[in-house]
Amino acid sequence: MEKTEIKGPKPYNPKGGRPPKKIKRQSQLMVRLTETERFLIEEKAKDAGMKPSAWFRQAAKKAKVIARLKPDDLRYLRTLTGMANNLNQLTHLAHKEGLTFIRQCCKELLLEIDLTLKQLSIDDR
């Protein structure tokens, strides 16, 4: 003989209808999209078998955000940009004046840099 489970009466809901959701979304976020962006989101949601709002929430949870550059990083990038500019100028000068002339200019510049660095290290003491 099989046991049948006796279920009690369902809790009384004066409004009737669907039971309340476990997670209630009360907050809204307005996002402006171009027609193309909206189309892409709707298509991706459709391909995933989801509503666009559910797809958007899921995509936001999995998104990887790349932080903006820090001030130190920007300083290094500006330094690298300056170095690249100097290298480009030296290349142009090498084509115009010849490699021997550039070699001498680079030696003089390196001596100046070395002297400046030595002066800075003396000031640190």
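Which residue just after H3 takes a positive phi? Gly98 does, with a phi of about 105°. The views below show a predicted model, in which local features need pLDDT of at least 70, side-chain atom pairs count only at pLDDT 80 or more, and totals for chains, interfaces and linings use all residues. Residues are numbered from 1 along each chain as its sequence is written, and side-chain values use heavy atoms, with hydrogens and water left out.

**View 1. Helix H3 and the residue that follows.**

**View 2. The largest pocket.** The largest pocket holds about 590 Å³ of space. A pocket is an open set of points, on a 1 Å grid over the protein atoms alone, where a 1.4 Å probe fits, with protein on both sides within 12 Å along at least five of seven lines; lining residues have an atom within 4 Å of a point. The volume is the space filled by probe spheres set on the points, which are joined across faces, edges and corners. Among the 16 lining residues, Leu29, Val31, Pro52, Ser53 and Phe56 are the closest to the centre.

**View 3. The second largest pocket.** About 250 Å³ of space lies in the second largest pocket. Its lining includes Met83, Asn86, Cys105 and Ile113. Helix H3 (71-97) and helix H4 (99-123) each give two or more residues to this lining.

Conventions
Helix = DSSP H or I, 4+ residues; strand = E, 2+ residues; numbered from the N terminus.
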